[in-house]
Amino acid sequence: MERESHGGARDAIVFVPGFDAKEKDYYIDRYLALGLANRLEDRRAYMEPEPVKIAGLSGRRFTFESQGGAKKTVDIYEIYWRDLVEDLNEGTIRYRVFRGIYLLLYWLSASFKIGRMSGIFLLQVTAILGLIAAWEYGTVIMAMTAIGTDPNALGFQLPSQWAEALGRWGQALGGWQLWLVTSALLSFLPISINVLIHLLDFIVRYAEDDTVGGVATLRDRLRHRLTGALADVFDSGDYGRVTVMAHSLGSVLAVDCLADYRFRPGEAVRFVTLGTPLKMMAAISTWIRAEVEKCLHRDAIAEWVDFYSDRDWLCTRVPLHRGVRSDRFRAEAISLRVSLAQQLTAESHRAYFFDRAVLETLLD
């Protein structure tokens, strides 16, 4: 799409980060800005200190100057969305106990679909089941201990003798020896188990798409934020090219948005995905698979470039349905310079922002 901007054409990048973004511009400040400034040796990069603003959005402006003196301006809008996702760990003890049981059953069922795809995925889903079981065990122990103190802890009254017995069992099963062993094992995780459970619960809620009765559920709220941001960029009229870039689970949200976005005549985007888990998500949700195929056939998505790496154990290339062909889709494997330890701790999942091929694709 070509538009005349105020003072010359600029590019806009609408960036949808993954689940681990803790605040707005988290990835721009800690990863993308460093990669753009240091990994493109043939260009000088400058990030303006003040945010750039259009109606409804604020972002960061980057200016690039090539060795020949040509300049390019790119405005990047990072769309933070994790604040829209309720944290299971903040629910009542009763809700956590029963939701934990549901998650364990859900991922047990999903493991048969996911585990067939690769040995790595089988290991991952086995670890997921173990982590959910460990979290649920701790939650049940907390519930039993709470009942010993308050027979109404679960929201309904238990006989006092039952409550006393459950309290004693909770104290016995949650003794310091077991706590010490469990803490030692969980210390090897790259993030806390509560954050992992929050993530797994989000994946289930999103994949199930439980929109009923016109109520704005999680998927509705996420789509609303993303489509609103994209509309703000188009409505500004300031940009000659618009790129939607998505990382990790952000790529699932971006696919969901772009598959059904109401583009107006003359509007188009370039789509860049980094380290996407779409293959795993499509395995457990038929509607996500359908959204991928819709994106592959949309004329308003002028190009889709998918970056993946065999050293990123949390991703694969975007799955293409048999018989689907798109001359606008390109999957590009990159070789991340990461150690085995970084692969095990999932640090390799963030290395895309320092890869030259990714950065050059964003600018060229």
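Residues are numbered from 1 along each chain as its sequence is written. Because the model is predicted, local features need pLDDT of at least 70 and side-chain atom pairs count only at pLDDT 80 or more, while totals for chains, interfaces and linings use all residues, and side-chain values use heavy atoms, with hydrogens and water left out.

The largest pocket holds about 1,200 Å³ of space. Here a pocket is an open set of points on a 1 Å grid over the protein atoms alone, where a 1.4 Å probe fits, with protein on both sides within 12 Å along at least five of seven lines; lining residues have an atom within 4 Å of a point. Its volume is the space filled by probe spheres set on the points, which are joined across faces, edges and corners. Of the 43 lining residues, Gln-124, Leu-196, Leu-199, Leu-314 and Ala-346 lie nearest the centre. Helix α3 gives the largest share of the lining, nine residues; helices are DSSP runs (H or I, at least four residues) numbered from the N terminus.

Turning to the cysteines, the disulfide count is zero, a disulfide being a pair of cysteine sulfur atoms within 2.5 Å. The sulfur of Cys-295 has its closest cysteine sulfur in Cys-257, 8.7 Å away and therefore too far for a bond.

In helix α12 (residues 356-363), the buried residues include Val-358, Leu-359 and Leu-362.

Key: Helices (H or I, at least four residues) and strands (E, at least two) are DSSP runs, numbered from the N terminus. Buried means under 20% relative accessible area, exposed over 50%, partly exposed in between (1.4 Å probe, protein chains only).
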